[in-house]
Amino acid sequence: MRSSLTPLGPTVSRDRIIDTFPKWYKPDASLQLKEHFNEQVSAACQRRNTGTVGLKLSKVVVVGDLYVGKTSLIHRFCKNVFDRDYKATIGVDFEIERFEIAGIPFSLQMQWLEDALRENEVGSCFIFLVGTKKDLLSGAACEQAEAEAVHLANEMQAEYWSVSAKTGENVKAFFSRVAALAFEQSVLQELEKRNSTQLQELKEVHLRLRKARDPLAWAAVSWTPPHPLHTNGYRLSLWRRTCSLSP
């Protein structure tokens, strides 16, 4: 099944279609050990009822020191190329990669900027710690480096991945994981916003129904007490009733 929403830009390529929830790199390096999309998210996708999620961009911010492989990682995933003649990236570069997740179009904007973390509130995004040069280590040295990286990721409350921008190892799997988690969070936020709006509407309808069923109970909201000289039984008892029944 495919979404009825129009994707942002060109058609999604087959290797960007995600139908099942992407798994982690290592269980002890992941904060999300579930193997399926959230049930509410899956239901919304099946009904094609994800709101504006398919029409928005989610941002991936890549930060790190010079020569760690930020640009190479992005270029390997977006363009499937690896440039041996490295030139330091100055300023801000952007790439937009389009996915189809559970039948819904979804786009990631990848942006690398040294002070980007200052622009995001703590806890408002997923954090990943990525080793970009897996091809340089093997055997015991690789295991040792990854053990240290996993320990650091746990301290950072981040998910750890080891990839190789040179060979492409784990690059697609990593970004598929990023896209799926970002998509799921976006859908959940959309559903929460929608539920909040519907709840407010229900409260307003309930209020109108209560007023319609017993107008005297709400008369005190807009009525003022009768003039002191009007002390006939009917007027006085009516005013007392409105006061006693008002919430």
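The legends below describe close-up views of a predicted model.

Residues are numbered from 1 along each chain as its sequence is written, and side-chain values use heavy atoms, with hydrogens and water left out. Because the model is predicted, local features need a pLDDT of at least 70 and side-chain atom pairs count only at pLDDT 80 or more, while totals for chains, interfaces and linings use all residues.

**View 1. Confidence along the chain.** The pLDDT, which is the predictor's confidence in each residue on a scale from 0 to 100, averages 77 over the chain, and 71% of the residues score at least 70. Helices (DSSP runs of H or I, at least four residues) and strands (DSSP runs of E, at least two) are numbered from the N terminus. Confidence is highest in strand β6 (residues 159–162), at a mean of 95, and lowest in helix α6 (residues 233–245), at 37. Residues 1–8 have a pLDDT below 50, and this stretch has 25 contacts in the model beyond near neighbours in sequence; a contact means heavy atoms within 4.5 Å. Over residues 218–247 the pLDDT also stays under 50, with 21 contacts beyond four places in sequence. Where pLDDT is low, the predicted coordinates should not be read in detail.

**View 2. The largest nonpolar core and residue L108.** A nonpolar core is a set of buried Ala, Val, Leu, Ile, Met, Phe, Trp, Tyr and Cys residues joined through side-chain atoms within 4.5 Å. Buried means under 20% relative accessible area, exposed means over 50%, and partly exposed lies in between (1.4 Å probe, protein chains only). The largest core has 41 residues, and those with the most contacts inside it are I101, L108, M110, Y160, F175 and F183. Helix α4 (residues 171–213) supplies the largest share of this core, eleven residues. L108 belongs to strand β4 (residues 104–112) and is buried, because its relative accessible area is 0%. Beyond four places in sequence, the contacts of L108 include S58, V60, F99, F175 and V178. E97 is among the contacts of L108 as well; the two residues are eleven apart in sequence, and their C-alpha atoms are 5.4 Å apart.

**View 3. Helix α2 and the residue that follows.** Eight of the ten residues of α2 are buried, so this helix is largely enclosed by the rest of the structure. The buried residues are K70, T71, S72, L73, I74, R76, F77 and C78. N80 follows α2 and is found in the loop between α2 (70–79) and β3 (93–101). N80 has a positive phi of about 55 degrees, although it is not a glycine. With a relative accessible area of 55%, N80 is exposed.

View 4. I127, L152 and M156 form a nonpolar patch on the surface, with about 240 Å² of accessible area together. Patches are made of residues with over 30% relative accessible area and no salt bridge; like charges are joined within 9 Å, and nonpolar side chains (Val, Leu, Ile, Met, Phe, Trp, Tyr) within 5 Å. Accessible areas come from the Shrake-Rupley method with a 1.4 Å probe, and for residues only the protein chains shown count as cover. M156 lies in helix α3 (residues 139–156) and counts as partly exposed because its relative accessibility is 37%. Q157 is found in the loop between α3 and β6. Q157 has a positive phi of about 55 degrees without being a glycine, and at 53% relative accessibility it counts as exposed.

**View 5. Salt bridges.** A salt bridge is a side-chain nitrogen of Lys or Arg within 4 Å of a carboxyl oxygen of Asp or Glu; by this rule the count is eight. K26 and E146 form one, with their closest N and O atoms 2.7 Å apart. This pair links distant parts of the chain, 120 residues apart: K26 is in the loop between β1 (17–18) and α1 (39–46), and E146 is in helix α3. K26 is partly exposed at 29% relative accessibility, whereas E146 is buried at 5%. Within helix α4, K193 and E190 lie three residues apart, about one turn of the helix, and their salt bridge has its closest N and O atoms at 3.8 Å. Salt bridges that share partners join D15, R16 and E97 into one network. In the bridge between D15 and R16, the N to O distance is 3.0 Å.
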